[in-house]
Amino acid sequence: MAAYVTGDAAAFRAIFERYAPLLLRAMSRELYIREEANDLVQQTFLQLHRARADFDPSQKLKPWVFTIAMNLKREYFRRKKRRPERSLEAEAALEPAVGALGAARVEARHTLSRVMQDLPADQREVIELHWFDGLEFPEVAQVVGASVSAVKVRAHRGYVRLRQALGDDATLPELVRGGSSGNREPAGGI
Amino acid sequence: MDCAEIRSGFVAGRVPAGPGVDEHLKECPHCHELFERGAQLGRRLALSVLPTVEAGDLFARVDQELSREVGLRARLRAVPTRTRATLLAGVIGLNLLGVQLFMHRRDDFGEYSPALFWLVAALLIGALVFGVQRLLHGANAPLRVAERDGAFAISLLALPGLLALIAPLGAAHGDIEDAALAWASSGNCFVFGAVAVVPFLVLAWLFERRDRVPFVALASAGALSGIGANLLLHLHCGSEHLGHLLLGHASIGLAWALALGLCGRLSRAS
């Protein structure tokens, strides 16, 4: 980012390639139309460009980019006067291949998405940023404008509510039991 | 091991396990929730993480958009927020200086408490400086701050009216003002104040980074121009008539907020 602020165009390309897929994923989660997600990501990079002189090089870029993106997304839904929601069909469209496991994943995702809508906004926001956008808790704290401990408390309360609301599900696809990969964004991300 | 690594483990398709995980779970109650009942919550959350989406030709579009970022407005938008805020508040400062040096000043300064006068001025200046910074942060403001923008805009709109009600600064024990004259002169004050802050609004528009300015930001800009106008009138007009203060002074911010909101709506509709 420091190189980009000083006018290095190649640095902007690197920033785009690193963050555009993550931002598109974040936008696509709640938008039906790909073109609208593209438009919001485009707006995010335009804002990033205009605000580049405000960036503090001692800070991380990821929470800064996500702050802009989340503000634009929130404003988008305010303008449209509707709450973000997603249909099962739209979920399925995001799956690369919906086989038997794909269908189970989509169903699990749909159930969780429905239950998460009932969480208080501050708890839902923290869980989404951490789990679905891959931000670490200090980064989430920066995006929402709260302390790290406050963010962790919100996540904890959200987890408890989610667990109570979801109950037991014997049909949930199994994961392999083993050590952590240590990879911060393993799903084809940065 | 930390919370991010626990999350990454789940997302990678495995339930994290091992001494490092056990150690972390002893200290971290919220990660502990993920592992309850066969780690169902962790698994559910992991299954709900969408794959990243390829950007396709989006870079070309963004690049094209950025190539249009030339000219005076593009340069002004790119100025750091602290400098933009100083310049924007400085416009009101210059207006105040102009009123002090070249225009009719109220001649009743000695007739009421200077402490009260400066307290009102300090509140208006504080609200202006703080509000301008907040307005110019735009989409960079943390979500919690941006969420309260509506309440903040309403506070800014209400401030001059509240000050008029609580501390109507005129001659505290002076002659009884002619009510009819006070009502009539409120129009002059309104026009003077509303016109005087036009440079502030023009500069605020030049500095605005968002292409689709939210209604609350337009309302805040209107409210801030109203606060600037009330500062000018605070030096210029010695009326303590409540009707005059509300109609001629405090309503300027509301009028500008409504006008800007209407302009924003019309531009979105077109």
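A polar contact is a pair of N or O atoms within 3.5 Å; within protein, one must be able to donate a hydrogen and the other to accept it, and residues adjacent in sequence count only if both atoms are side-chain atoms. One such contact runs from the side chain of Asn71(A) to the backbone oxygen of Ala141(B), at 2.6 Å. This is a predicted model, in which local features need pLDDT of at least 70 and side-chain atom pairs count only at pLDDT 80 or more, while totals for chains, interfaces and linings use all residues. Residues are numbered from 1 along each chain as its sequence is written, chains are lettered from A and ligands numbered from 1 in the order in which they are written, and side-chain values use heavy atoms, with hydrogens and water left out.

**Where chain A meets chain B**

- Contact here means heavy atoms within 4.5 Å, and 86 residues of chain A are in contact with 65 residues of chain B.
- About 7600 Å² is buried between chain A and chain B, with carbon and sulfur atoms giving 59% of that area. Buried area is the accessible area (1.4 Å probe) that two parts lose on being put together, summed over both.
- There are 22 residue pairs in polar contact between chain A and chain B (both at pLDDT 80 or more).
- On the side of chain A that touches chain B, helix α3 (residues 34–50) gives the most, with 12 residues. Helices (H or I, at least four residues) and strands (E, at least two) are DSSP runs, numbered from the N terminus.
- That side of chain A divides into 36 nonpolar, 22 polar and 28 charged residues. Ala, Val, Leu, Ile, Met, Phe, Trp, Tyr, Cys and Pro count as nonpolar, Asp, Glu, Lys and Arg as charged, and the others, Gly among them, as polar.

**Salt bridges**

- A salt bridge is a side-chain nitrogen of Lys or Arg within 4 Å of a carboxyl oxygen of Asp or Glu.
- Arg50(A) pairs with Glu69(B), their closest N and O atoms being 2.7 Å apart. A network of salt bridges links Arg50(A), Glu69(B), Arg77(B) and Asp211(B).
- Arg212(B) and Asp39(A) meet in a salt bridge at 3.0 Å, N to O. Arg212(B) sits in the loop between α11 (198–207) and α12 (215–236) of chain B and Asp39(A) in helix α3 of chain A, so the pair joins two chains.
- Arg74(A) and Glu147(B) form a salt bridge with their closest N and O atoms 3.4 Å apart. The pair crosses from helix α4 (residues 61–80) of chain A to helix α8 (residues 143–147) of chain B.
- Within chain A, Arg13(A) forms a salt bridge with Glu17(A), at 3.0 Å between the closest N and O atoms. Both lie in helix α2 (residues 9–28) of chain A, four residues apart, about one turn of the helix.

- Buried means under 20% relative accessible area, exposed over 50%, and partly exposed in between (1.4 Å probe, protein chains only).
- Asn71(A) belongs to helix α4 of chain A and is buried, at 9% relative accessibility. Beyond its neighbours within four places in sequence, Asn71(A) is in contact with Ala139(B), Asn140(B), Ala141(B), Leu143(B) and Ala146(B).
- Arg154(A) has its place in helix α9 (residues 148–166) of chain A and counts as buried at 15% relative accessibility. Leaving aside neighbours within four places in sequence, the contacts of Arg154(A) include Asp122(A), Val126(A) and Arg144(B).

**Helix α1 of chain B**

- Nine of the nine residues of helix α1 (residues 3–11) of chain B are buried, so this helix is largely enclosed by the rest of the structure.
- The buried residues of α1(B) pack against α7 (121–132), α8 (137–144) and α9 of chain A, together with β1 (14–16), α2 (19–27) and α3 (29–47) of chain B.
- Asp2(B) caps the N-terminal end of α1(B), with a side-chain oxygen 3.1 Å from the backbone nitrogen of Ala4(B).
- Gly13(B) follows α1(B), and its phi is positive, near 100 degrees.

**Domains of chain B**

- Chain B is assigned domain 1 (3–47) and domain 2 (75–269), with bounds that come from an automatic or database domain assignment.
- The C-alpha centres of domain 1 and domain 2 of chain B lie 53 Å apart.
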